[in-house]
Amino acid sequence: MPLSIVIPFYNEEESLPELISWIENVTQTHQYSYEIILVDDGSTDQSWEIVKQLQLNNTHIKGISFQRNYGKSAALNEAFKVAKGDYVITMDADLQDSPEEIPELYNMMLQGKYDIISGWKKKRFDNALTKNIPSKLYNYVTGKMSGIKLHDMNCGLKIYKNKVIKSIEVYGEMHRYIPVLAKWAGFRNIGEKPVVHQARKYGVSKFGWERFVNGFLDLASIMFVGKYGKK
């Protein structure tokens, strides 16, 4: 199977049907063999019921449901364990990541130059105070500390070789630093592609300032392990 498409979500009952339909259109147009792994991170709305309904009409969909909200890192980690695709694409469920980016990301990986390609949202539609400024700070600090020069380290839209996601463990808020984890695991061919960022159509952002603080603590942990784990 060439492609696994991993989508963690929390309370996205409105966006899920539209997102899955959009992915289906893209994959059918390009005749991809694929699976979609939907991970419900303890939603309190009807998201999981919608996943079960979607599965009735699409055998490509696999669902994982958490009893409570553990966070995006835990959701990704569980999906990575079961992903079977040669290449694994991650994207957010809020329709701000476009499935139309899948073919070009996939084609870039087939060229064999990269272990990871990270999306770069050059034009963003997030709130500057709560998302854009923290994101720029994350990228600057992480780039300085890790030596990985990405404009948008935390972009949810990425593609990986399967062996990359099988070689790392993601927890806490470390989903923000998967390229760093991959680098420490020996995967140094990390590329970047500008991608379209769309304005949020439904619901509200799940970002909180406590995750901003925890993210920096996790970065410190990653850098410590990376530095002293070699010795």
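Strand β1 (residues 3-9) has 7 of its 7 residues buried, so the strand is largely enclosed by the rest of the structure. Buried here means under 20% relative accessible area, exposed means over 50%, and partly exposed lies in between, with a 1.4 Å probe and protein chains only. Helices (H or I, at least four residues) and strands (E, at least two) are DSSP runs, numbered from the N terminus.

This is a predicted model, in which local features need pLDDT of at least 70 and side-chain atom pairs count only at pLDDT 80 or more, while totals for chains, interfaces and linings use all residues. Residues are numbered from 1 along each chain as its sequence is written, and side-chain values use heavy atoms, with hydrogens and water left out.

**The chain as a whole**

The chain has 8 helices and 7 strands. Of its 231 residues, 52% are buried. The chain exposes about 11,100 Å², and carbon and sulfur atoms supply 51% of that area; accessible areas come from the Shrake-Rupley method with a 1.4 Å probe, and for residues only the protein chains shown count as cover. A contact means heavy atoms within 4.5 Å. Among contacts between residues at least 6 apart in sequence, 82% join residues at least 24 apart.

Two strands count as paired if DSSP finds at least two bridges between them. β1 is joined by 7 bridges to strand β2 (residues 34-40), and the two run parallel. Within this pairing, Val6 stands opposite Ile37 in β2. Strand β4 (residues 87-90) is also parallel to β1, with 4 bridges joining them; here Ser4 stands opposite Val88 in β4.

β1, helix α1 (residues 16-29) and β2 make a right-handed β-α-β unit. Right-handed means that, with the strands pointing away from the viewer, the path from the first strand over the helix to the second runs clockwise.

**Nonpolar cores**

In soluble globular proteins, nonpolar side chains tend to be buried together. A nonpolar core is taken as a set of buried Ala, Val, Leu, Ile, Met, Phe, Trp, Tyr and Cys residues joined through side-chain atoms within 4.5 Å. The largest such core has 33 residues, and those with the most contacts inside it are Leu3, Ile7, Ile36, Leu38, Met91 and Ile102. The elements that give two or more residues to this core are β1, α1, β2, α2 (47-57), β4 and α4 (102-110). α1 gives the most, with 6 residues.

Leaving aside residues up to four places away in sequence, Ile36 touches Ile5, Ile7, Ile20, Ile23, His60, Ile61 and Lys62. A second, separate core of 27 residues includes Ala83, Leu150, Val180 and Leu181.

**Salt bridges**

A salt bridge is a side-chain nitrogen of Lys or Arg within 4 Å of a carboxyl oxygen of Asp or Glu. By this rule the count comes to 8 salt bridges. The table lists some of them.

| Pair | N to O distance |
|---|---|
| Lys62 and Glu35 | 2.7 Å |
| Glu49 and Lys52 | 3.2 Å |
| Asp92 and Lys72 | 2.7 Å |

Lys62 lies in strand β3 (residues 61-65) and Glu35 in strand β2, so their pair ties together parts that are 27 residues apart in sequence. Lys62 is partly exposed, at 32% relative accessible area, whereas Glu35 is buried, at 1%.

Glu49 and Lys52 are 3 residues apart in helix α2, and are therefore separated by about one helical turn. Glu49 is partly exposed at 36%, and Lys52 is partly exposed at 37%.

Asp92 counts as buried at 18% relative accessibility, and Lys72 is partly exposed at 22%. Elsewhere, salt bridges that share partners join Glu101, Glu104 and Lys193 into one network.

**Tyr202**

Tyr202 is in the loop between β7 (190-194) and α8 (209-228). At 22% relative accessibility, Tyr202 counts as partly exposed. Not counting residues up to four places away in sequence, Tyr202 touches Glu14, Ser15, Glu18 and Leu95. Tyr202 and Leu95 are 107 residues apart along the chain, and their C-alpha atoms are separated by 8.4 Å.
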